[in-house]
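User: Hey, I'm new to this one. Can you walk me through the aromatic rings and the core?
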Amino acid sequence: MSAYSTNVTQFRDKELLLCALSEMGFDASMVEVNETAQQLFDYHGRATTYTDMEGDKAEIIIRRQYVGSSSNDLGFRKTANGTYEAIISAFDRRSHSYDESWVGKLSASYARHGLIQKASKQGLRHAGNVQKNGKTEMLFVKA
């Protein structure tokens, strides 16, 4: 058995989170999106209760068959403050690298998509990236 733990995130926008998950390799066919939180399951297909005695539930779920061999479901549960917290098992953190580093890359992708969305609303379009002093800068031009 592999207990779940949660990661606090700043993800508030469901569509941006879905874009970031897609960029991380989980296309729309692999991601289940629900209006109400649904049960997460372990690698045996059993309902889990690691973070909530009434059942670990999430609105955005990547089912175990898309995560890796002998994996558990990955979930993103909407919290009272409007953010989505990542629910990831200890096994998947360790064996499939869905650890803090992965969550960090997901966060960077989320932020990048957020900037592109904000720029688009201001009449700008993303024109690519450049490397400056070891950092990536995003370029925008008038649309």
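Analyst: Ring pairs link F11, F76 and Y110 into a cluster here. This is a predicted model, where local features need pLDDT of at least 70, side-chain atom pairs count only at pLDDT 80 or more, and totals for chains, interfaces and linings use all residues. Residues are numbered from 1 along each chain as its sequence is written, and side-chain values use heavy atoms, with hydrogens and water left out.

User: How many aromatic pairs does the structure hold?
Analyst: Five. In one of them, F26 and Y98 have ring centres 6.1 Å apart and planes at 40 degrees, so that pair is tilted.

User: Are F26 and Y98 buried or exposed?
Analyst: F26 is buried at 4% relative accessibility, and Y98 is buried too, at 10%. Buried means under 20% relative accessible area, exposed over 50%, partly exposed in between (1.4 Å probe, protein chains only).

User: Switching topic: which residues touch the most other members of the largest nonpolar core?
Analyst: L17, L21, F76, W102 and L106, out of 20 residues. Such a core is a set of buried Ala, Val, Leu, Ile, Met, Phe, Trp, Tyr and Cys residues joined through side-chain atoms within 4.5 Å.

Methods. Phe/Tyr/Trp six-rings, centres within 6.5 Å; stacked < 30°, edge-to-face > 60°.
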